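Reader: Can you walk me through this one? I'm new to reading structures.
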Amino acid sequence: MTHSSADAVRHYEKALEHLLFFREEVTTEARAAVRASPHSVMANVLTAYLGLLGTEEKDAAAARTSFDAFRRGARLTDVTPRERMHLAAASSWLDGDIHGAGRVLGEISVAHPRDALALAVGHQIDFFTGSAALLRDRVGGALSAWDEDDPHFGLLLGMYAFGLEEAGHYSRSEQVGLAAVERNARDVWGIHAVVHAYEMQGRFTEGIRYLDDRAGDWTDGNYLKVHNWWHYALYVLETGRTDQVLAVYDDAVHHEGSAGVAMELLDAASLLWRLHLAGIDTGDRWAALADAWAGRQVGAYYVFNDVHAVMAYVGAGRIPEAERLIRDREAWIRKTRPGVSNVAMTAEVGLPVCRALLAYGRQRYDEAVDLLLPLRYRLHLFGGSHAQRDAMQRTLVEAALRAGRHDVARTLLSERTGLRPVSPYNWAARARLADHLGDTARAADARHRAGEQASAVFR
């Protein structure tokens, strides 16, 4: 590590360990590395990455200021080629080109497949940009270069398991994810990968049991705890026990003590939105969540966050605020250079989804269908996982049912039950469709199947 004292290297290695485990101490150790060696290339690169990984506009702006100051004062002529590539990746992302940063990190992983930082940051970029193939292959392509006895190998397996799940290899994902967690019980990303594999297969009972059995490993001391509670709530939601879903929401997903960061608020919005689609009264929770989004006072940075802010405003009945956010983003894309990745993500997917959510809130269900239907195979372009984006897919289903677009609803529900025949939601929606069509026999059968599947979750 160029321009790094032994003390800086020690803090850097601790920070990297914390990053791979999603521990909250990562920022403290990274800053300690910079204090120990202010001109350390990799300490400053790591600190810049940390300012970006939270998808927070203000943190990214602060990281940009610090990184620019470092570059102005640092002697960079003698850095290694790999460090130069990390400098380029961090600079690209700070400039708004997240896809370019991902490409440079991919080049590092080819030349230096044991660079854990390049793999971890690149993996998160693939998540933010919704690239299932890269989530799988970035890590998969490096695995053979690692010694299985390496202490970080298990954490790499956890990343690979999530990539496998997003790419549709559910059984293999479960196998690899379980092996990862067997190596490191507190590998919360590995736990998260297994949870995703169960979710996508409709194995809700096993998902609840798995999270319950490992509660001591994931419910505290890491940045992923709220997100894994969100997954727990999704499992319970399939049973129809909305009182328990709301209890998880209040205890763990969003409450007065919540941090108010985007990646937690979007989980809260996504969960309440699913309840909203089901017609469940959630009391004053929408108002509190909309206040939390409004209090952030941030501009355009990552449109996946914006979509969930619009969910909160629409859910709370604060239509003017949703409209204002949409107008602001429309103006932003007109004045921002195309090289910023979020421009295309906003224009091509984010804004149409925001408009669809707004249309749904106004009970303009035909309009919501017309906006979402052309996007359903392209939603990944604005990031997130299959499980997260299913909120938009369910919105399309519900809009089609309410608009009387029976052919569209039948097609969507046929697809969903074909993929997850054990989902109570899918069968309940099919029952509603049959009711609309006056097919009492099919409605009764679908309702019976929904009940069977819901009762099986806690059997």
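This is a predicted model: local features need pLDDT of at least 70, side-chain atom pairs count only at pLDDT 80 or more; totals for chains, interfaces and linings use all residues.

Reader: OK, how many residues are in the largest nonpolar core?

Author: It has 148 residues. A nonpolar core is a set of buried Ala, Val, Leu, Ile, Met, Phe, Trp, Tyr and Cys residues joined through side-chain atoms within 4.5 Å. Buried means under 20% relative accessible area, exposed means over 50%, and partly exposed is in between (1.4 Å probe, protein chains only).

Reader: Which residues have the most contacts inside it?

Author: Tyr49, Trp93, Leu117, Leu289, Trp293, Val353 and Phe382. Take Val353. Leaving out residues up to four places away in sequence, Val353 touches Val307, Leu372, Leu375, Leu379, Phe382 and Met392. Contact means heavy atoms within 4.5 Å.

Reader: Helices next. Which residues of H17 are buried?

Author: Arg285, Trp286, Leu289, Ala290, Trp293 and Arg296. They line one face of H17, because seen down the axis they fall within an arc of 125°. The arc is that of the directions from the helix axis to the C-beta atoms. Helices (H or I, at least four residues) are DSSP runs, numbered from the N terminus.

Reader: What do those buried residues of H17 pack against?

Author: Helix H4 (57-73), helix H15 (242-253), helix H16 (262-277) and helix H18 (303-315).

Reader: And what span should H17 have?

Author: Its twelve residues, 285-296, should span 16 Å at 1.5 Å a residue, and the end C-alpha atoms are 17 Å apart, which agrees. The expected span is 1.5 Å times one less than the number of residues.

Reader: Switching to aromatics. How many aromatic pairs are there?

Author: The structure holds 17. One is Trp93 with Phe128, a tilted pair at 6.3 Å centre to centre, with 55° between the planes. Rings of Phe, Tyr and Trp (its six-membered ring) pair if their centres lie within 6.5 Å; planes under 30 degrees apart count as stacked, over 60 as edge-to-face and the rest as tilted.

Reader: Where do those two sit?

Author: Trp93 is in helix H5 (residues 81-94) and Phe128 is in helix H7, 35 residues apart. Both Trp93 and Phe128 are buried. Phe304 and Phe382 form an edge-to-face pair, 5.1 Å centre to centre and 80° between the planes. Phe304 lies in H18 and Phe382 in the loop between helix H21 (365-372) and helix H22 (386-403), so this pair ties together parts 78 residues apart in sequence.

Reader: Last one, Thr346. Buried or exposed?

Author: Buried, because its relative accessibility is 1%. Thr346 lies in helix H20 (residues 341-361). A polar atom of its side chain lies 2.6 Å from the backbone oxygen of Asn342. Among the residues Thr346 touches, not counting those up to four places away in sequence, are Val303, Arg329 and Trp332.

Key. Residues are numbered from 1 along each chain as its sequence is written. Side-chain values use heavy atoms; hydrogens and water are left out. A polar contact is a pair of N or O atoms within 3.5 Å; within protein, one must be able to donate a hydrogen and the other to accept it, and residues adjacent in sequence count only if both atoms are side-chain atoms.
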